[in-house]
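Open the model in your viewer and keep the sequence panel beside it. We will go from the whole chain to single residues.

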Amino acid sequence: MHLTPSLFFLTSLLTLTLAGPVVRVHNTKTHPICLTVETSAGFGSFPTNTNCGGLAAIGIDAMQTAAFYPSDNWNGAISDFTNAGTPGTRFEINFSVPGQTWYNADMEFGITSGTLGPTDNRRMSNGKSSLVGEADPLAKANSVWASEKSKLQDQLSRKYVTPSQDGNSLVNVYMDKDAPEKVVAFFQLAANFNAYIHHGSVLGASWAVGSMTGKLKQVADTHTGKVDGTNDMTITIY
């Protein structure tokens, strides 16, 4: 998946001739990363130069930044893949509303150390950081592990939370679509990840008042950010 400097130069030269929104992906890792592109409304110019598990994808070398120019109505996601070929966080961006950019980070299918936000890192109108996602999800999970581990004892032999030998900390966190509700609640409610893990209410689903599912859906609904006046978004993978 190594990309030659000449290919990076050629890609940059071609994309610079295109107008409209820009998505920059910065790889801070010491090895190449692989990202797949999903689209649901307009494709734009997302060049693919490698594959992840047989899917056309974008490869970005260590410590490199690539810029891509989707169409104004592009509404999809860029999904990170780990070295093992498993999905990480989906970074979702919607440029379809003039003058606004809607975006979020989705950890339903995997957890990646990464953030998404405007290139200028402006704050939201309510004063909160405009960055979504988690730069270090393991550290965030460990910050509440001592008070929460008793609720997850039946999950220690599974793959979602892997404790250290003495059980006092976590050495790995993982997510997929089959994760039990208590694991989702640990990340979403206890650790308060700045991303959604349980899907929201976009499908019109209903739930019992006060139920855990209801709480998780409501939290998911709050994780979309809106930034006015910029169409320049940066995804950083740590």
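The tour below moves from the overall picture to one helix, then to salt bridges and strands.

**Before you click**

This is a predicted model, in which local features need pLDDT of at least 70 and side-chain atom pairs count only at pLDDT 80 or more, while totals for chains, interfaces and linings use all residues. Residues are numbered from 1 along each chain as its sequence is written, and side-chain values use heavy atoms, with hydrogens and water left out.

**Stop 1: the whole chain**

Show the protein chain as a cartoon. Its secondary structure comes to four helices and 14 strands. Helices (H or I, at least four residues) and strands (E, at least two) are DSSP runs, numbered from the N terminus.

How much of the chain is buried? Buried residues make up 44% of the 238 residues. Buried means under 20% relative accessible area, exposed over 50%, and partly exposed in between (1.4 Å probe, protein chains only).

Contacts come next (heavy atoms within 4.5 Å). Among those between residues at least 6 apart in sequence, 62% join residues at least 24 apart.

**Stop 2: helix α2**

Select residues 137–148. These 12 residues form helix α2, and at 1.5 Å a residue they should span 16 Å. The end C-alpha atoms are 16 Å apart, which agrees. The expected span is 1.5 Å times one less than the number of residues.

Colour the buried residues of α2: Pro137, Ala141, Val144, Trp145 and Glu148. They cover an arc of only 145 degrees around the axis, so they lie on the same side of α2. The arc is that of the directions from the helix axis to the C-beta atoms. Turn to the other side of α2, where Ser143 and Ala146 are exposed.

What covers the buried residues of α2? The cover includes β10 (132–134), β11 (161–163), β12 (170–173) and α3 (181–190).

**Stop 3: salt bridges**

Side chains of opposite charge can pair when their charged atoms come close. Here a salt bridge is a side-chain nitrogen of Lys or Arg within 4 Å of a carboxyl oxygen of Asp or Glu. By this rule the count comes to nine.

- Select Lys140 and Glu134: their side chains meet at 2.7 Å, N to O. Lys140 is partly exposed at 27%, whereas Glu134 is buried at 8%.
- Select Lys151 and Glu148: this salt bridge is 3.1 Å, N to O. Glu148 counts as buried, at 16% relative accessibility.
- Select Asp178 and Lys177: the pair meets at 3.5 Å, N to O. Lys177 counts as exposed, at 64%.
- Select Glu38, Arg90, Glu92 and Asp106: salt bridges link them in a network.

**Stop 4: strand β1 and its partners**

Select residues 22–27, strand β1. Six bridges join β1 to β14, and the two run parallel. Two strands pair if DSSP finds at least two bridges between them. β1 also pairs with strand β5 (residues 65–68), in the antiparallel sense, over four bridges.

Zoom in on Val23. Its bridge partner in β14 is Met233, and in β5 Val23 stands opposite Phe68.

**Stop 5: Thr236**

Finish in strand β14 (residues 232–237), where Thr236 is found. Is Thr236 buried or exposed? At 13% relative accessibility, Thr236 counts as buried. Not counting residues up to four places away in sequence, Thr236 touches His26, Thr28, Ser113, Gly114 and Thr115.
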